[in-house]
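Here's a quick tour of one protein chain. Take a look at the picture first, then read on.

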Amino acid sequence: MTVTAEADGVGVVVCSGEFDLDTTGLLIGACEVQPVPASLLVVDVRQVEFADSSFLNALIRLRNTRPLTLRGPLPRQLRRMMEMTGALDLFDIRPTPDRAH
């Protein structure tokens with residue numbers, strides 16, 4: 001997981017690998033360190049290979065404490081879980097910007 005700051009007070013957390021009850025705390029911890037207390041938190045979930053309900057719960061908790069956007073596209077398993085729980089509509093999901101232009 002990496003944490004960076006972009007222009008205009010945007011904090012970006014890039015998640016990769018598997019997230020379950022034992023590892024989801026890393027996401028919360030990463031969002032509590034500098035420079036992430038930002039005007040907008042972007043959580044890049046494109047490289048998440050597996051996520052259980054504790055990861056989804058962490059995303060919802062973060063969303064409830066600050067403006068949050070997910071950078072996608074969402075991995076299939078995460079999208080399915082979010083659809084099944086009705087959580088998909090809670091999030092602003094944006095594709096990765098095309099930097100080729």
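At 1% relative accessibility, D44 counts as buried (buried means under 20% relative accessible area, exposed means over 50%, and partly exposed is in between, using a 1.4 Å probe and protein chains only). The side chain of D44 meets that of R46 in a salt bridge, with N to O at 2.5 Å. A salt bridge here is a side-chain nitrogen of Lys or Arg within 4 Å of a carboxyl oxygen of Asp or Glu. R46 is partly exposed, at 35% relative accessible area.

## Where this comes from

Keep in mind that this is a predicted model: local features need pLDDT of at least 70, side-chain atom pairs count only at pLDDT 80 or more, and totals for chains, interfaces and linings use all residues. Residues are numbered from 1 along each chain as its sequence is written, and side-chain values use heavy atoms, with hydrogens and water left out.

The chain's mean pLDDT is 87, and 89% of its residues reach 70 or more. Helices (H or I, at least four residues) and strands (E, at least two) are DSSP runs, numbered from the N terminus.

## The other salt bridges

How many salt bridges are there by this rule? The count comes to three. In one of them, E83 pairs with R79, the closest N and O atoms being 3.8 Å apart. Both residues sit in helix α3, four residues apart, which is about one turn of the helix. E83 is partly exposed at 46%, and R79 is partly exposed at 33%.

D92 also forms a salt bridge, with R94, and their closest N and O atoms are 2.8 Å apart. D92 is partly exposed at 29%, and so is R94, at 47%.

## Two helices crossing

Helix α2 (residues 53-65) and α3 have axes that come within 11 Å and cross at roughly 70 degrees. The axes are lines fitted to C-alpha atoms, for helices over the stretch in contact, with angles from 0 to 180 degrees between N-to-C directions. α2 and α3 are therefore roughly perpendicular (65 to 115 degrees; under 35 is roughly parallel, over 145 roughly antiparallel, and the rest oblique).

Which residues of α2 and α3 meet? S53, F55 and L56 in α2 meet L78, M81, M82 and T85 in α3, where contact means heavy atoms within 4.5 Å.

Notes. pLDDT = per-residue confidence, 0-100.
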